[in-house]
Amino acid sequence: MDVGEYPMAALASFHWFSVNSNLEAFFRMKRNNLSAVSKLAQISPAAKQPKRGFCASFNQTHMCTVRLDWGSLPHHVLLRVFQYLPLIDRARASSVCRRWNEVFHIPDLWRKFEFELNQSATSYFKSTHPDLIQQIIKRHASHLQYVSFKVDSSTESAEAACDILSQLVNCSIQTLGLISTARPSFMNVSKSHFVSALTVVFVNSKSLSSIKIEDTPVDDPSLKILVANNSDTLRLLKMSSCPHVSSDGILCVADHCQGLKELALNYYILSDELLLALSSETHVNLEHLRIDVVSENPGQVEFHSIKKHSWDALIRHSPRVNVVMYFFLYEEEFETFFKEETPVTHLYFGRSVTKAILSRIGLNCPRLVELVVCANGLQPLDKELISIGTHCQNLTALGLSECEVSCSAFVEFVRLCGRRLTQLSIMEEVLVPDDSYSLDEVPTEVSKHLGRLWFPEVMPVW
């Protein structure tokens, strides 16, 4: 039952305490609550005959507050209050009385938990206390369902996360996330240690639906164990930047996990066979496919091409799928891409992209919804931008930075797209004044075509 179904006095009392006293003072007040109620009952007839509605004076408000016995609140109300408390305050509250300690250990409070593992010498983030970690493993491992590990850049923190994973033998985890807040520290852990710990969860959970293990040393054999134990429940798999996974490994997942709806991976393991497997009649409609196209060694990576009929099969099977591509390439490495029609919906270029590639996008990406260009060079993108505005009829969002577009070409692009452009983030230095428009005139003209007030983004000068 929702908290809102209980008397307003309980909520007003909780608000009064939270505003007028800190948590520890409240705990001390609770112990003296019964005696205070007794005294008030003797000196105040209003305490015996409370009026309906709000109290008429501050004294009556205070009296209504003190009359409430916090130890008698229903379990589900206390549970809701505990859910809003930080973990450290929740632990302190558990020592107030036996009943609050019982609420502290209710399984619902432990279904979702994030382990924060940081080294004090290298990180200013707080870390989950080791004693609490052991208590969770001993008393609440079977209650955990939504678990994430947030680690700093140190190898020690990543190894500690693996140690915890290896102890979750009685768990029924549904979602698992491994997050590196800085550089990918899980990659510094020995492969055998990481795979062994991850296998414990894969084998014992048997109900995993969402897994985020990007930038980790997961490998093909561990993915086969995942499939063997969770093929019926897996819906989301994010595993970009996992160098030990091959195209065969991800193909095994696609073949057996027919309910997979979201997938994130690197381009080097994307294949025609994978797209066809995701397009089979027995597979559910794919909703989100994210592809990271990354080059670590400029000029040394040759990217394979995906055939048009494979993309077509995916779109026929999953017509509403979002195909998201992140590019972190050098200009000379783009040659493979967008020569044929590509059903990409969201495009992000983190490094410089050539005018030729932007021209191909205008001609071969009819499903494009969002385009972000972080850098291009000093050559204006007038023709390319107008081509994209003309042919990409689904485009609703554009972001430009560290490139150049004439003011007249930009205004024409906005006129072509009109009010369907719901997001338009253009750095002011991108726009180049010309004979038709000055920088001061562009916002007025663009706002007219968008039907709302618009200004270019300005880089703050501190």
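Biologist: Over the ring of which residue does the charged end of R290 sit?

Modeller: This is a predicted model, in which local features need pLDDT of at least 70, side-chain atom pairs count only at pLDDT 80 or more, and totals for chains, interfaces and linings use all residues. Residues are numbered from 1 along each chain as its sequence is written, and side-chain values use heavy atoms, with hydrogens and water left out. A charge sits over a ring if NZ of Lys or CZ of Arg is within 6 Å of the ring centre and within 35 degrees of the ring normal. The charged end of R290 lies 4.8 Å from the centre of the ring it sits over, that of Y326.

Biologist: How are the rings of W110 and F113 arranged: stacked, edge-to-face or tilted?

Modeller: Rings of Phe, Tyr and Trp (its six-membered ring) pair if their centres lie within 6.5 Å, with planes under 30 degrees apart counted as stacked, over 60 as edge-to-face and the rest as tilted. A search of the whole structure finds 17 aromatic pairs. For W110 and F113 the centres are 6.0 Å apart and the planes stand at 35°, so this pair is tilted.

Biologist: How many disulfides are there?

Modeller: A disulfide is a pair of cysteine sulfur atoms within 2.5 Å. The cysteine sulfur closest to that of C392 belongs to C365 and is 6.4 Å away, which is too far for a bond. By this rule the count of disulfides is zero.

Biologist: Is C392 buried or exposed?

Modeller: Buried means under 20% relative accessible area, exposed over 50%, and partly exposed in between (1.4 Å probe, protein chains only). Because its relative accessible area is 0%, C392 is buried.
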